[in-house]
Amino acid sequence: MILFLEQGLNGLQFGLMLFLLAAGLTLVFGIMDMINLAHGSLYMIGAYLAALILGSTGSFLLAVAGSLAGTAVLGMLLEISVLRRLYSRDHLSQVLATFALLLIANESMRILFGSQALTLNPPAVLSGPVELAPGFFYPAYRLLIIGVGLAVALLLYLLVSRTRIGMLVRAGASNREMALAMGVNVRALFTAVFGFGAALCALAGAMLGPLLAVEVGMGEGILILAFVVIVIGGIGSIRGALAGAVIVGVVDTLGRTLLPMSLRTVLPPTVAGNLGPSLASILIYVLMAAVLFWRPQGLFPARG
Amino acid sequence: MAELLRLRGLIKRFGGLVATDGVDLTVQEGEVHALIGPNGAGKTTLVHLISGALRGNAGSVFFAGEELTHAPVHERVRRGLVRSYQVTSIFTRLSALDNALLAVQAAAGSSMRFWTPVRTERAFTRDARALLMRVGLLDRAEVVAGTLAHGEQRKLEVALALAARPRLLLLDEPLAGLGPEESLHMVELIGGLAGEVTIVLVEHDMDAVFKLAHRISVLVSGRIVATGAPDEIRSDARVRQAYLGDELGSAA
Amino acid sequence: MGVQLDHPLHAAVALPLLAALIVFPFVVLAIDEPFYVVLASRILIFALVATSLNLLVGFGGMVSFGHAAFLGAGAYVVAILMQHGVASAWIAWPAAVAVAALAALAIGAVCLRTRGVYFIMITLAFAQMVYFVFVSLKAYGGDDGLSLASRSVVAPGIDLNSDTLFYYVVLAFASTGFFLFARLVNSRFGRVLQGIRENETRMEALGYAVHRYKLGAFVLAGATAGLGGALLVNQNELASPGTLSWTQSGMLLTMVILGGVGYLWGGVMGAAALLLMEELLAAYTIHWQLGLGLVLLAVVLFAPNGLATLARAAGPGGRDG
């Protein structure tokens, strides 16, 4: 039971970080109709920046803030210099161009920081566990991540549903022509959305850095997961991204623990030992294929 | 005349909206049967239901004595039930001749053939050129379809439908967007086809409808409210009231 | 912009190229650079696989982001059979093709119900499933991959462990495969595929059973990639999860785009260009991926239709698209 609770919380924590990536990705996808394979690279760069700033200042807060700002600026520069030219191109060109950006980002990090993984330590005050219920301890830092994730989700919700910018973004996601017709400064809006998405990536990178290794290629696995999330949730939908992210986070995390365990009860241990992990790792892809098969527009379609 | 197409109680709902509400319609072999009605009456939905692009929630479609209610588009086409599109649907990046070639090839049996180059199948080229000639586009054969004038694209659209050797041709607003002169050409073209193939004509242009149609059915709010010869429709009080109003008077 | 449906294979281009490829090993062995034979085998294998992907992407308009699944499946079938003592190429290679074809049939049947961006994503998802299945199979190497005890056995006296002999086997498959591909795209089937790329709804309304043709192309392309995998695993003497990874799918797509989407020679030119560029850059720096990325980016931004169009514009000799 405790294990179940702990893994459930881990899943939620991972899901919320996935949401940070997926939110930016789904907006870019929904509004600009663009496949951006380099989105995971912004996450990686965010983590590197955080590690760098933490190493020189010792302040975790500064590291997160600096990484957010730096990555946002970088994202906007990227949008202005390269990505903007790709909006009107077909998906194939977008895949190739952003794949190239991914290679460039990976190799640049390798040149600047070497192939060794960097360490990013959580603030000392948060390094211990917290007793959530009698006898149930949970790492304080992971709780912080959950808190931050929920706060950002709430902030995004308010931003998208209550502000003028949010309205424009929603209009753009469901009907680009309409947004254009409304005389929106679409160029500036796109740049801003992209910078914002980059900042969210950096936040995820900086927050997850202490739990995972900060290394070249860290952005790729999570990028694919973020794509799974937005396809499940419905391309262009923030609400869908949140739901999809939590579903993917929880299913993936729980699947890895529970599936091998439950298999062991019905199958011989060697078979279960082989089958369990492989089934667990394909679980979310099966989920995504199922969603595409029965609800091709995702769970929360953004377009009417 | 034998019956060619029969619709029985066709119902199509989109969520809460009922687009066609129990449509019964019979089309006789050899006739030009016009389908008219105000915007939103369900004409386009009905075209989709007949062609197979949409499946109804209830009701059935019989064609040449065979039930095709659940048959996909391509199987209906194979049996001779062929449509043209309201919004021109041609291969815009290909030449007019290549458009016609693809259409001719479709009618020539299975294309699960992997070896012989189509270029060497002389009969295809011959038939494709004949097809273009029939709609008056032979001298435009090498032109990229997307750069043809709008009227020419509409003709190509009809040509593609004709290539399938239809027994019944479902023309969805063939005059849409055409200028007066282009319209005249198209009416002439359809009139010429009328002897050889049964036509269901969905059209807003009342002059054309009354000129071409042998029988007219009026669709209002998803139901057929009247079917009859042009003169009967013109004088039908219900039709006047429900839809035609003064428009009919001016056409007459 | 007009598009041609005919893609003639000019003997004046193909035969000299074939002749050059046949004498190639003699030349490089004469100047004592045997490495180039290995490189050429590699290029030919990827030319075959990229061409099969071009059939889907360039001719059928189906942007598959999971082609590596079939490449990797072919590779693993050969390696796994070898581990169980089946070394014969006569059994292992057809088995690789058959498994890849069956996988393509199953995956295609599901994926081809979706379109556009969703198709890209669902093919990616299936490829990831295949990837994780093989990575988690500890009995077959898991993360480390599965190495081959030796190359496949063909017949006594014919030893594929000779790189030169292996090169000729690869050349035979690649050139035959390319020739069949050239016949295919100009046949009725190829025309239908291109028609579907141009306007799928219209093809359906013309009476074509669109889904069947798309699935047929998907299976053909998957089977070809499986053959490529069987060759590749013999070349590397290792079946590695990397062959199945999404970056490998990305590289295959990159080859197709680089060479020219929908051009007869697109896959061949793309594979050659990418792998040669990789070799060239790797000779100068370990950070060759940076250079590769920059070149790719430049290609997308400044030569959007790939190398085949450049060659096409250059003169009559290259007009084979």
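Student: How many salt bridges does the rule find across the interface of chain C and chain B?
Tutor: The rule finds four salt bridges between chain C and chain B, where a salt bridge is a side-chain nitrogen of Lys or Arg within 4 Å of a carboxyl oxygen of Asp or Glu. Before going on, please note that this is a predicted model, in which local features need pLDDT of at least 70 and side-chain atom pairs count only at pLDDT 80 or more, while totals for chains, interfaces and linings use all residues. Residues are numbered from 1 along each chain as its sequence is written, chains are lettered from A and ligands numbered from 1 in the order in which they are written, and side-chain values use heavy atoms, with hydrogens and water left out.

Student: What makes D6(C) and R119(B) a salt bridge?
Tutor: Their closest N and O atoms are 3.5 Å apart, and the rule asks for a distance within 4 Å, so the pair qualifies.

Student: How do you know which residues belong to the contact of chain C and chain B?
Tutor: Contact means heavy atoms within 4.5 Å, and the residues that take part are 30 from chain C and 36 from chain B. The area buried between these chains, that is, the accessible area (1.4 Å probe) that two parts lose on being put together, summed over both, is about 3200 Å², with 57% given by carbon and sulfur atoms. On the side of chain C, the residues that lose the most area to chain B are R188(C), R202(C) and L206(C), together 26% of what that side buries.

Student: What counts as a polar contact here, and how many residue pairs are there between chain C and chain B?
Tutor: There are 20 such residue pairs, both residues being at pLDDT 80 or more. A polar contact is a pair of N or O atoms within 3.5 Å; within protein, one must be able to donate a hydrogen and the other to accept it, and residues adjacent in sequence count only if both atoms are side-chain atoms. Among the elements of chain C that touch chain B, α7(C) gives the most, with seven residues.

Student: Which classes make up the side of chain C that touches chain B?
Tutor: That side has 14 nonpolar, seven polar and nine charged residues; here Ala, Val, Leu, Ile, Met, Phe, Trp, Tyr, Cys and Pro count as nonpolar, Asp, Glu, Lys and Arg as charged, and the others, Gly among them, as polar.

Student: Why are β6 and β10 of chain B called edge strands?
Tutor: In chain B an open sheet of six strands has the order β6-β7-β8-β3-β9-β10, with mixed pairing. β6 (81–83) and β10 (223–228) each have a single partner strand, so one side of each is left without a neighbour in the sheet. Strands (E, at least two residues) are DSSP runs, as are helices (H or I, at least four), and both are numbered from the N terminus.

Student: How do you know that β9(B) and β10(B) pair?
Tutor: Two strands pair if DSSP finds at least two bridges between them, and five bridges join β9(B) to β10(B), which run antiparallel. By that rule β3 (residues 32–36) and β9 (residues 215–220) of chain B pair too, joined by four bridges, and these strands run parallel.

Student: What links D21(B) with R223(B)?
Tutor: They form a salt bridge whose closest N and O atoms are 3.4 Å apart. The pair links distant parts of the chain, with D21(B) in strand β2 and R223(B) in strand β10, 202 residues apart.
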